[in-house]
Amino acid sequence: MAVGCRPPAEASWHGEADALNARRSAAGLPPAPADRPRRDGRHRRHPGAGLLFGALNDRLIDPVVTLATGWRPDLVLHEPFAVAVAVAPPSVARQDGWPMRYDSYVGGGELPAWLRQPGERPRILVTRSTVTGPGDRGPMPAVVAAAAEVDPEIVLVRPDQRSARSLPGNVRVVDWIPLDVALPVSAALVHHGGAGSAFGALAAGLPQLATTGPGDRRHNAELVARRGAGLALRPRDITARALTQLLTDERLRTAAVQVSREIAAMPPPADLVARLAALV
């Protein structure tokens with residue numbers, strides 16, 4: 001994972017596709033598959049994905065090729081970008097392949113003592129992406145703007161300086177934290193639509209508000225909303241009313257709990273090891 005790599009604003013999917021195909025040609029591979037229309041006439045490819053991940057992938061491809069050439073792995077596992085949520089339970093997204101339970105990996109950071117237990121008021125965690133796309137500021141500015149009109153405790157996780165400049169009394173700030181530990185004692189999660197954040201809230205059985213940003217974020221947010229386990233909104237549409245609904249709409253919480261139980265019943269990653277080894 002690379003953190004903080006921001007693609008240039010003038011990047012375009014078509015330019016990145018040309019560069020990708022040039023690399024594939026040099027490696028003796030055919031061109032990448034062309035965009036295919038869906039049954040409803042729309043296209044599968046998300047142009048924002050090129051803006052969000054194009055420059056990042058360009059930085060990663062050479063060291064990845066070097067590693068693969070020297071290591072010579074017998075088996076490579078990956079997920080197709082077209083379906084960013086690759087371990088979704090059937091009620092969220094139906095996919096081909098072996099089912100596997102979502103198991104979060106959280107890096108550094110310590111959880112403050114006050115975040116290890118429920119607060120006196122319902123707590124909403126608010127996170128943002130480690131990779132910011134063009135025109136994407138995430139949900140934090142809108143949440144801060146609406147915070148004074150709602151009652152819950154709002155916790156901004158690693159906010160940008162602008163969002164943390166002037167905060168209402170019910171808003172607190174923390175740095176990196178193990179989100180999977182903080183979620184079970186919280187009431188809801190507001191996030192940028194990343195797959196890890198979406199799955200973290202689903203696994204914890206919490207209602208979530210995911211913003212429909214670039215790349216895979218719209219796809220993830222809409223999957224959650226379609227299942228009924230959360231809200232999918234543009235950042236500018238986050239209001240006090242939306243935050244209140246996130247906490248008071250029992251339909252959202254019921255659906256989130258149902259998905260949480262569904263995830264818990266899926267095979268853990270360790271169960272797939274023998275099946276994967278048999279492929280080699």
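Where is the place of Ser186? In this predicted model, Ser186 sits in the loop between α4 (179-182) and β4; helices (H or I, at least four residues) and strands (E, at least two) are DSSP runs, numbered from the N terminus. Residues are numbered from 1 along each chain as its sequence is written. Local features need pLDDT of at least 70, side-chain atom pairs count only at pLDDT 80 or more, totals for chains, interfaces and linings use all residues, and side-chain values use heavy atoms, with hydrogens and water left out.

Ser186 has a relative accessible area of 9%. Ser186 is therefore buried (under 20% relative accessible area, with exposed over 50% and partly exposed in between; 1.4 Å probe, protein chains only). A polar atom of the Ser186 side chain lies 2.9 Å from the backbone oxygen of Ala182. Neighbours within four places in sequence aside, Ser186 is in contact (heavy atoms within 4.5 Å) with Arg123, Leu125 and Leu206.

The largest nonpolar core holds 24 residues. Such a core is a set of buried Ala, Val, Leu, Ile, Met, Phe, Trp, Tyr and Cys residues joined through side-chain atoms within 4.5 Å. Val126, Ile154, Val190 and Leu243 touch the most other members. At least two residues each come from β1 (123-126), α3 (140-147), β2 (153-157), β4 (188-191) and α7 (240-248). The largest share, six residues, comes from α3. Beyond four places in sequence, the contacts of Val190 include Ile124, Pro139, Leu209 and Leu246. A second, separate core has 15 residues, among them Tyr102, Ala198, Phe199 and Ile263.

Overall, the protein has nine helices and six strands. Of its 280 residues, 40% are buried.

Methods. A polar contact is a pair of N or O atoms within 3.5 Å; within protein, one must be able to donate a hydrogen and the other to accept it, and residues adjacent in sequence count only if both atoms are side-chain atoms.
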